[in-house]
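Me: Can you walk me through this one? I have the sequence and the coordinates open.

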Amino acid sequence: MADPRIARLRLIRTPTIGPVTYRQLLARFGSAERAIEALPDLAARGGGKAPRIAEAGAVEREIAQVEKLGARYLFIDDMDYPSLLAELDNAPAAMTIRGDTALFARTSVAMVGARNASAAACRFARGLAVELGREGVVIVSGLARGLDTAAHQGSLATGTIGVIASGIDIAFPPENRALQDQVAERGLLIAEQPPGSEPLARNFPHRNRVIAGLSTGTVVVEAAPRSGSLITARLAAEAGRDVMAVPGSPLEPRAQGCNLLIREGATLVQSAADILETIRPIDPRMVRAPTSPFDGRPSGEPGDAERHALIGLLGPVPVAIDELIRQSGLPPATVALILLELELAGRIERHAGGRVSLV
């Protein structure tokens, strides 16, 4: 019997098929094998050529490498896939992991900040992580220099999750190799990129969305106004999660990002008690439950007139899919299918916040 991971990974590793498209394909066709068979027809209806699917041989070699590293895959429809992360529209279709997935069942808080963080900020972050860990909270961070390192060090004994922008076999920065191995052995290590992938700049925003998506709230301890930490905070806010920030001196450039977040409405944090008060529900019945999976099966196949009407509403400026549904008057599932066809044909691009634009 063929390994079911092969067909899934062939779709996931195809450059033009992102997380949203992958979920729609599986919802519509029921399996990755049937989705692969349907791709040429879908792309043709969208007015383009079918994407070149990743080769089975390459995927088989990747699977063998992952197993050799002592890691495994976690697919979005697996039972132990984290429910909070699955709520994101663009949640990773598959992740490579090493460690204890039982940490997903516990309350988690992301802790991020500057790579060149001050000694005082690192000490404060480490102390916060220790105190939150004593209360059963898991700390999520990105294994970068500075604040991330301090957050992981403070939570190794009580529960920590490291999310990296490279393959699971690559440590960045290199001096954090030992810490990365400790996180994998005593906590959980997550990589969305396949093994061997270098930590390219374009991968870090993707990593940041995973950090924010895994967490009930995100705490920024020290950050400049334009930094990856503020990207993580923005992604957390877009996902409906709590955003918290530690205030700093107006004379400290590395504190300006945190002060800006507080001015814009982030919760001011001075202790672990402030964080616990923010993330814990007033009523236990308010705890977030897993959402239902996307169902991309329309009641009928869209016709040419419907496709042309929807394409006419698109342009180079990203527009929300909800707005396309409202203006076109088409059923949401029909709009989703037409956009799926156009994306597979290489004619549209998806953006954050559920928006799309013509290529």
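Reply: What follows goes through a few strands and helices in turn. Keep in mind that this is a predicted model.

Me: Which residues sit on which side of β3?

Reply: S108, A110 and V112 are on one side, with V109 and M111 on the other. Both faces are covered. In a regular strand, side chains alternate between the two faces of the sheet.

Me: In which sense do β3 and β4 pair, parallel or antiparallel?

Reply: Parallel, over 3 bridges, with β4 at residues 138-141. A110 has V140 as its bridge partner in β4. Together with helix α6 (residues 119-134), β3 and β4 form a right-handed β-α-β unit.

Me: And β3 with β7, over how many bridges?

Reply: Strand β7 (residues 217-220) pairs with β3 over 4 bridges, in the parallel sense. The bridge partner of V109 in β7 is G217.

Me: New topic, α11. Which of its residues are buried?

Reply: In α11 (residues 256-263) the buried residues are G257, C258 and L261. They lie on the same side of the helix, because they cover an arc of only 100° around the axis.

Me: What covers the buried residues of α11?

Reply: The cover includes β7, α10 (228-238) and β8 (242-245). Just after α11, G265 has a positive phi of about 120°.

Me: Now α2 and α3. At what angle do they pack?

Reply: At about 105°, with the axes of α2 (residues 19-29) and α3 (residues 32-45) 9 Å apart. That angle makes α2 roughly perpendicular to α3.

Me: Which residues meet there?

Reply: From α2, L25, L26 and F29. They meet A32, R34, A35, A38, L39 and L42 in α3.

Me: Last one, the open sheet of 3 strands. What is the order?

Reply: β10-β12-β11, with antiparallel pairing. β10 (319-320) and β11 (348-351) are at the edges with a single partner strand each, so one side of each has no neighbour in the sheet.

Me: How many bridges between β11 and β12?

Reply: β11 and β12 (residues 355-358) pair over 4 bridges, in the antiparallel sense. H351 stands opposite R355 in β12.

Me: Which helix lies across β11 and β12?

Reply: Helix α15 (residues 332-344), running at about 115° to β11.

Notes. Residues are numbered from 1 along each chain as its sequence is written. This is a predicted model: local features need pLDDT of at least 70, side-chain atom pairs count only at pLDDT 80 or more; totals for chains, interfaces and linings use all residues. Side-chain values use heavy atoms; hydrogens and water are left out. Buried means under 20% relative accessible area, exposed over 50%, partly exposed in between (1.4 Å probe, protein chains only). Helices (H or I, at least four residues) and strands (E, at least two) are DSSP runs, numbered from the N terminus. Two strands pair if DSSP finds at least two bridges between them. A crossover is right-handed if, with the strands pointing away from the viewer, the path from the first strand over the helix to the second runs clockwise. The arc is that of the directions from the helix axis to the C-beta atoms. Contact means heavy atoms within 4.5 Å. Axes are lines fitted to C-alpha atoms, for helices over the stretch in contact, and angles run from 0 to 180 degrees between N-to-C directions. Angles under 35 degrees count as roughly parallel, over 145 as roughly antiparallel, 65 to 115 as roughly perpendicular and the rest as oblique.
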